Amino acid sequence: MSFARILTRAAGRLTPRSLVSSLIPEGGGLSPRLWAVLQSGFYSRADFGKDILAGLTVGVVAMPLAMAFAIASGLEPIQGLFTAVIAGLVTGMLGGSRFQVSGPTGAFVVIIYGIVYRHGYDGLVITTLLAGAILAVAGFFQLGSIIKFIPYPVTTGFTAGIALTIFSSQVGDFLGLPIRNAPPEFFAKWGLYLEHLGQTSWLTLGVASATLVLMILVRRFCSRIPAPVAGVVFGGLLVWALQLPVDTIAGRYGAIPSTLPVFHWPDVSWSRIQALFPDAVTIALLAGLESLLTCVVADSMTGDRHSPNMELVAQGAGNMACALFGGIPSTGAIARTATNISSGARSPVSAMIHGLTVLAFVLWLSPLTSAIPLASLAAVMVLIAWGMLETKAIKAILRGPKSDWSVMLLTFALTVAVDLTVAVYVGVILASLLFMRRMSAMAEVHEVECDPESMTCEDLPLHNTLLPEGVRVFSFNGPLFFGMVDRFQNAITGGGKPTKVYVLNMQGVGAIDATGFHVLEAFLAHRSDGYRVVLAAVPAPARRILRRMGLLQSLGEDNVCHSLEAALERAAALAGSSQ
């Protein structure tokens with residue numbers, strides 16, 4: 001009997017499928033990878049052993065990161081640890097990826113800090129619940145592929161902005177400045193830093209700098225050792241051995257409690273939901289994007305294929321669980337996922353082991369974690385911020401079209417100077433407008449011209465002849481949407497020629513939107529002016545739309561031809577009959 005069946009029998013009715021059957025619709029294409037692995041019959045005792053080792057390794061790596069992200073977000077370290085525990089267990093059980101590890105990440109630091117500063121922790125709980133619901137609904141409605149269409153310059157811009165903002169948030173602890181609850185605004189924060197710069201603690205700066213240098217050296221020469229773990233262990237030993245008067249986690253926040261996460265329901269009101277909904281959408285977008293990106297990276301490293309819709313459902317459930325049990329927003333973490341894969345993980349069980357490992361640190365080793373210097377955690381966050389700054393991508397975009405790098409720079413500036421929510425919305429809208437402009441420039445409509453001397457017309461399957469008198473032919477290339485309405489109207493009304501029949505060659509029309517349909521409908525409505533209209537080579541998708549909207553019936557089936565040659569014959573007959 002395979003090890004998977006032993007686990008399933010031991011669990012009795014509490015199999016992964018029974019745990020999620022109430023959440024996942026039958027036949028909806030949503031299936032957790034954990035269930036697929038256990039049901040495959042190929043999951044062995046050796047695979048389980050590899051998952052345990054990988055989970056233990058990732059758990060050790062995740063612990064300092066989870067605390068650092070929580071502290072940088074203006075919260076207590078235990079809330080970051082709880083997030084790693086809950087996200088690891090819930091998304092590991094429900095996730096659509098075989099290897100992804102979820103938890104708190106740097107992408108959320110900026111927006112969490114702002115929410116907590118303005119609305120308190122209860123506001124963050126409501127926001128995370130809303131974001132989780134948005135992600136779950138997106139997964140149920142099969143939107144896993146759509147969410148990845150946010151333009152690359154936008155993601156690069158706000159990622160760079162987040163990196164700079166994270167770095168700025170760590171300057172106080174890196175320098176040992178006596179500042180608590182610094183404002184979230186970038187310029188106000190730096191003004192406060194400059195005001196207190198004379199109170200720099202040189203011992204704290206020395207510990208932070210030594211930690212940062214050590215982590216850089218570890219990454220350069222001992223890449224198999226997780227740099228954050230090496231950094232916080234070195235910093236803790238340095239402060240303990242020399243008895244340095246440097247702030248530690250216990251010194252500022254008290255000892256990390258050795259307790260399990262406790263259920264907490266926030267004070268929810270309609271007014272708070274309205275105020276926090278924009279931030280919830282931003283968190284959902286960031287969580288969806290980073291999670292799906294991490295899945296793609298994991299697939300490229302392993303040759304596996306993830307389920308994007310199931311992953312969104314899992315991230316939604318994980319975020320709601322984190323919010324209700326004292327955590328913060330979570331998503332797929334690229335560094336922890338890569339560590340999981342390189343450590344030999346075989347299934348989502350390793351992500352769940354990672355969560356249990358962090359829980360073990362909380363319950364039994366909290367005195368050790370409480371002794372970590374805040375300066376060392378600040379150094380970890382500075383290194384993470386530098387890693388988020390995608391210098392190669394930025395240089396490539398700066399060498400590209402003006403529209404791309406202008407969107408990137410605007411998103412970066414808004415992220416730093418205004419707000420991440422505003423930056424994402426403005427960046428996506430601006431990029432969409434520029435995309436529509438490019439599509440409009442690519443789409444064209446032009447009148448087919450004939451040469452009387454050569455007796456030929458461009459693009460027409462006619463030779464040694466001319467168009468019948470009163471027949472004009474227009475060729476379309478590209479979607480007939482609102483972006484090319486003016487071009488269509490100008491082409492049709494231009495020329496001032498007396499026209500009996502218009503032939504519209506629609507072979508190149510891939511799609512028609514409501515505005516394009518309205519223009520065609522208005523053009524047909526003026527047939528009382530004495531002209532007729534014939535459509536040629538209408539593609540099947542466009543034909544279905546026109547038929548549903550009733551335009552083909554209004555035009556008459558005889559005037560909708562399968563080819564341009566047939567349309568020209570029909571136009572010649574109509575022109576002759578009108579004489």
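Two strands are taken to pair if DSSP finds at least two bridges between them. Helices (H or I, at least four residues) and strands (E, at least two) are DSSP runs, numbered from the N terminus. The structure is a predicted model, in which local features need pLDDT of at least 70 and side-chain atom pairs count only at pLDDT 80 or more, while totals for chains, interfaces and linings use all residues. Residues are numbered from 1 along each chain as its sequence is written, and side-chain values use heavy atoms, with hydrogens and water left out.

The protein contains 25 helices and nine strands. Of its 579 residues, 52% are buried. Here buried means under 20% relative accessible area, exposed means over 50%, and partly exposed lies in between (1.4 Å probe, protein chains only). Contact means heavy atoms within 4.5 Å. Among contacts between residues at least 6 apart in sequence, 80% join residues at least 24 apart.

Five strands form an open sheet in the order 3-6-7-8-9. The pairing is mixed. Strand 3 (444-447) and strand 9 (560-561) each have a single partner strand, so one side of each edge strand is left without a neighbour in the sheet. Strand 3 pairs with strand 6 (471-477) in the antiparallel sense, over four bridges. Within this pair, Glu-447 has Phe-474 of strand 6 as its bridge partner.

Strand 6 and strand 7 run parallel and are joined by six bridges.

Val-503 stands opposite Val-534 in strand 8. Strand 8 is mostly covered, with four of its five residues buried. Strand 8 also runs parallel to strand 9, to which two bridges join it. In that pair, Ala-536 has Cys-561 of strand 9 as its bridge partner.

Most residues other than glycine have a negative phi, and most peptide bonds are trans. Ala-537 has a positive phi, near 50 degrees, and is not a glycine. Ala-537 sits in the loop between strand 8 and helix 23 (540-548). Its relative accessible area is 14%, so Ala-537 is buried. Gln-142, also not a glycine, has a positive phi of about 60 degrees. The loop that holds Gln-142 lies between helix 6 (109-140) and helix 7 (152-175). Gln-142 counts as partly exposed, because its relative accessibility is 37%.

Ser-73 is placed in the loop between helix 4 (45-72) and helix 5. Its relative accessibility is 1%, so Ser-73 counts as buried. Neighbours within four places in sequence aside, Ser-73 is in contact with Val-109, Ile-112, Tyr-113 and Val-116.

On a 1 Å grid over the protein atoms alone, a cavity is a set of points where a 1.4 Å probe fits but cannot get out, and lining residues have an atom within 4 Å of a point. Grid points are joined across faces, edges and corners, and a volume is the space filled by probe spheres set on the points. The search finds three cavities of 30 Å³ or more. The largest cavity holds about 70 Å³ of space. Its lining consists of Thr-91, Gly-92, Gly-95, Ser-97, Arg-98, Gln-100, Ser-102, Glu-311, Gln-315, Pro-348 and Ala-351. Helix 5 (77-94) and helix 13 (308-324) are the elements that give two or more residues to this lining. The lining divides into two nonpolar, seven polar and two charged residues. Ala, Val, Leu, Ile, Met, Phe, Trp, Tyr, Cys and Pro count as nonpolar, Asp, Glu, Lys and Arg as charged, and the others, Gly among them, as polar.

Terms used:
1 Å grid on protein atoms, 1.4 Å probe; cavity = no way out; pocket = protein on both sides within 12 Å on 5 of 7 lines; lining within 4 Å.
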